[in-house]
Amino acid sequence: MADHSYDFHFVNEVVLPGDIVAEKVKTKQIVVKKIKLKLGPGLRMDKDNIIAYKCGVLREKDSTMFWIDNDQKRYIPVKNDKVVGIVTNRGGESYQVDIGSSMASALPFLAFEGATKKNKPQLKIGDLVYGRLSVANKDMEAELVCTDTNGKANGMGPLKDGFLFTHSLGLTRKLLNPDGAVLKVLGKVFSFESTVGLNGRTWVNSNSSDHTILIVNAIEQSEYMTLSQIKQNVHRLAEGMRE
């Protein structure tokens, strides 16, 4: 997070690792309102500059959040990202959770809303959990918690039943976009729950396995579709199930 004025270049253009995408405004003749910037994946601060460390397209939202949009295969943990993980081990004071990155993440036993030593969720190997990365940097093991910054669950925690599938990080961003169409269109046709992790994993739970399979197929097929194509595809799949 930064509290300075920066002059950004290359928004919606391709940038390469090492490119300077923004510089701190120093000239007094330029009057720029100070705003809080949030740097997402692919960007880092370096003295008075903001530099790209990934190849991709520089994106921005409301002129306050900037990130590099690319389709990397492996997820790289970023602090405060919400991810879907799989419990792989248990030991000491935490669970080991696979979040799709090069190393597992630690999930402390007490990292749940209202958890105490006597009253805490009992997870088993293979269980799914939705949480937030409270620690994520290249020099330390990532740490996962199932609470927001106020200590509230806010929808995070163990995921029961349902179906988990993986997809590209590009589709993840499309699903999480407020203007994203596929989940809205599916919600008008089927009753279901879904949790999308920034690590390229989505959990879906519906009234029947047939509906779940259809929903997963519709989501996977929507990545490169337009809104009209998504609507047509969802209704085609729904009609095929009724036949």
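Reader: Which side chain does Arg201 meet in a salt bridge? Please take me through the place where that happens.

Author: Happy to! Please keep in mind that this is a predicted model. The partner is Asp98: the side chains of Arg201 and Asp98 meet in a salt bridge, at 3.1 Å from N to O.

To see where this sits, start with the overall division. The protein is split into domain 1 (6–69), domain 2 (81–159) and domain 3 (163–240). Between domain 2 and domain 3 the count is one salt bridge. Five residue pairs are in polar contact between domain 2 and domain 3, with both residues at pLDDT 80 or more.

Now look at the side of domain 2 that touches domain 3. Two elements, β10 (82–91) and β13 (128–137), each give two or more residues to this side. The one that gives the most is β10, with five residues. Sorted by class, this side of domain 2 has seven nonpolar, two polar and three charged residues.

How much area is buried here? The size of an interface is often given as the accessible area lost when the parts come together. For domain 2 and domain 3, the buried area is about 830 Å², and carbon and sulfur atoms give 64% of that. Within domain 2, Val84, Leu128 and Leu159 lose the most area to domain 3; together they make up 49% of what that side buries. As for the domains themselves, their C-alpha centres lie 25 Å apart. Twelve residues from domain 2 and eight residues from domain 3 take part in the contact.

The strand β11 (residues 94–98) deserves a look too, as Tyr95 lies in it. The structure holds three aromatic pairs. One of them joins Tyr95 and Phe109 edge-to-face, with 4.8 Å centre to centre and 70 degrees between the planes. Phe109 lies in the loop between β12 (105–108) and β13, so this pair ties together parts that are 14 residues apart in sequence.

Finally, follow the chain to Asp161, which is found in the loop between β15 (157–159) and β16 (163–166). Most residues other than glycine have a negative phi. Asp161, however, has a positive value, with phi near 55 degrees. Another residue other than glycine with a positive phi is Asn12, at near 65 degrees; you will find Asn12 in the loop between β2 (6–8) and β3 (14–15).

Terms used:
Residues are numbered from 1 along each chain as its sequence is written. Side-chain values use heavy atoms; hydrogens and water are left out. Domain bounds come from an automatic or database domain assignment. Contact means heavy atoms within 4.5 Å. Buried area is the accessible area (1.4 Å probe) that two parts lose on being put together, summed over both. A salt bridge is a side-chain nitrogen of Lys or Arg within 4 Å of a carboxyl oxygen of Asp or Glu. A polar contact is a pair of N or O atoms within 3.5 Å; within protein, one must be able to donate a hydrogen and the other to accept it, and residues adjacent in sequence count only if both atoms are side-chain atoms. Helices (H or I, at least four residues) and strands (E, at least two) are DSSP runs, numbered from the N terminus. Ala, Val, Leu, Ile, Met, Phe, Trp, Tyr, Cys and Pro count as nonpolar, Asp, Glu, Lys and Arg as charged, and the others, Gly among them, as polar. Rings of Phe, Tyr and Trp (its six-membered ring) pair if their centres lie within 6.5 Å; planes under 30 degrees apart count as stacked, over 60 as edge-to-face and the rest as tilted.
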